[in-house]
Amino acid sequence: MCIIIELANLYLINGSKTQNYRLPHLSLLSIRRHKSYTFTSIMNKKIVTLDEFIIRRQKEHDDATGSLSRLLRDIGIASKIINREVNKAGLVNILGVEGSENSTGDMVQKLDIFANEKIIEFLSMSGECAAIVSEENEDIVKLPAVNGKKANYVLVMDPLDGSSNIDVNVSVGTIFGIYKRKSEFDREIEIEDCIQAGLELVASGYVLYGTSTILVYTTGHGVNGFTLDPSIGEFCLSHSDMKIPASGNYYSVNQGYYLKFDLEMRRYIDHCSDLNLRLRYIGSMVSDIHRILFQGGIFLYPNTRKYPHGKLRLLYECNPMAMIVEQAGGKAITCGLERILAVPVSNIHQKVTIAIGSPDMVDEMKKFVERYSAVNA
Ligand code: AHM
């Protein structure tokens with residue numbers, strides 16, 4: 001009986017093709033009542049963990065060395081550590097405020113700094129990553145060779161996006177992208193190795209620490225999502241080959257800046273409002289885009305007077321999210337109508353405007369920009 005309930009509480013996989021057999025809060029009785037989930041059908045399903053999935057995918061590529069797979073797995077492990085700390089964030093008053101000592105004598109850190117250090121520390125030991133570009137570090141962080149082996153990959157990341165949400169128990173996320181270094185292995189890694197357009201990404205993903213924790217990633221062959229089952233400490237395949245709806249009922253923008261937006265953006269927002277679309281803005285890009293990926297919609301961060309080039313960062317926020325959304329069938333462009341993934345990168349902390357989400361909605365926004373920026377000119 002325990003085995004059945006344990007299995008039923010996970011997302012169940014039929015062979016290699018995932019079915020969304022989500023059976024939360026099951027009792028043995030409810031399994032019996034649920035005609036389509038008989039004992040045999042449940043026992044025949046197999047849970048696919050993130051590690052297993054990555055290995056399977058690696059085997060599909062004859063030339064794969066396993067290095068990218070190991071790096072992805074390491075990111076999965078690091079995100080479990082961050083997840084544990086994010087879940088404890090509400091205990092901060094008990095454990096100590098930032099800058100104070102906690103009960104074990106350690107200094108209490110801000111969670112975004114903690115997440116940053118954890119990922120760097122973890123990847124330093126793995127030997128698969130040559131350098132990291134992080135929102136939290138002014139310069140690139142060069143990682144040492146492990147056992148004399150020089151690494152081939154560069155990680156770009158926002159370790160904890162939407163960190164202002166932590167204190168109030170609202171979802172945050174980690175965003176990451178992986179590039180191949182441009183220079184040869186025997187050369188010391190330099191900043192030029194990290195300055196690459198989104199089109200060069202070999203993988204990207206995000207982890208959303210929400211009501212449940214989900215890791216979504218792509219290597220350019222579709223998008224797959226893995227939900228963390230805390231009872232076994234594993235990310236389990238829960239959403240295979242994710243596709244964004246062509247259109248949706250949500251728009252996501254900080255409408256408080258409405259008067260600071262250009263005319264074309266104000267007209268497009270008016271249009272969303274006229275259509276009675278639902279405005280949802282969590283203030284954490286990962287969370288807002290995650291909703292849109294599932295339910296359809298558009299996320300916007302245009303230029304304002306305060307942020308003439310937008311607020312969000314191209315290399316480690318917009319590019320990885322753009323790769324995910326495009327792989328799921330969506331679109332991502334700047335408010336100047338350039339494809340995000342094709343925007344040339346000139347510095348690692350470069351900002352960019354963004355409109356991202358369901359393809360039909362991004363196309364519609366584009367028409368507003370074309371029409372009203374002409375009026376402005
Ligand atoms: P952060 O990295 O400091 O958390 O900032 C990034 C966040 C995004 O997740 C979010 O979309 C945006 O900033 C919200 O900005 P604003 O408060 O200006 O709407």
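Two residues are taken to be in contact if their C-beta atoms, placed from the backbone, lie within 7 Å. By this criterion, Thr353 touches Tyr301, Pro302, Asn303, His309, Gly310, Thr334, Cys335 and Gly336, not counting residues up to four places away in sequence. The model is a predicted one: local features need pLDDT of at least 70, side-chain atom pairs count only at pLDDT 80 or more, and totals for chains, interfaces and linings use all residues. Residues are numbered from 1 along each chain as its sequence is written.

Thr353 lies in the loop between strand S16 (351-352) and S17. Helices (H or I, at least four residues) and strands (E, at least two) are DSSP runs, numbered from the N terminus. Burial is judged from C-beta atoms placed from the backbone: a residue is buried if 20 or more others lie within 10 Å of its own, exposed if 12 or fewer, and partly exposed in between. Thr353 is buried, because 25 other C-beta atoms lie within 10 Å.

The chain as a whole comprises 11 helices and 17 strands. It has 377 residues, of which 44% count as buried. Among contacts between residues at least 6 apart in sequence, 65% join residues at least 24 apart.

Strand S17 belongs to an open sheet of 5 strands with mixed pairing, in the order S12-S11-S13-S17-S15. Two strands pair if DSSP finds at least two bridges between them. The edge strands are S12 (278-279) and S15 (331-333), each of which pairs on one side only. S12 and strand S11 (residues 250-252) pair in the parallel sense over 2 bridges. There, Tyr250 stands opposite Arg278 in S12. Helix H10 (residues 314-327) lies across S15 and S17 (354-357), running at about 30 degrees to S17. Axes are lines fitted to C-alpha atoms, for helices over the stretch in contact, and angles run from 0 to 180 degrees between N-to-C directions.

For Asp241, phi is about 45 degrees. Asp241 is found in the loop between strand S10 (234-239) and S11. It counts as partly exposed because it has 13 C-beta neighbours inside 10 Å. For Asn276, phi is about 60 degrees. Asn276 is found in the loop between helix H8 (263-274) and S12. It is exposed, with 7 other C-beta atoms within 10 Å.

Helix H9 (residues 285-295) is mostly covered, with 9 of its 11 residues buried. The buried residues are Met285, Val286, Ser287, Asp288, Ile289, His290, Arg291, Ile292 and Leu293. Gly296 follows H9 and has a positive phi, near 85 degrees.

Met285 also belongs to the surroundings of the ligand, together with Glu135, Asp158, Asp161, Gly162, Ser163, Ser164, Asn254, Gly283, Ser284 and Lys311. A residue is near a molecule or strand if its C-beta atom, placed from the backbone, lies within 6 Å of it. By class, the shell has 1 nonpolar, 6 polar and 4 charged residues. Ala, Val, Leu, Ile, Met, Phe, Trp, Tyr, Cys and Pro count as nonpolar, Asp, Glu, Lys and Arg as charged, and the others, Gly among them, as polar. The ligand lies between domain 2 (50-239) and domain 3 (250-376), because both give residues to the shell around it. These domain bounds come from an automatic or database domain assignment.
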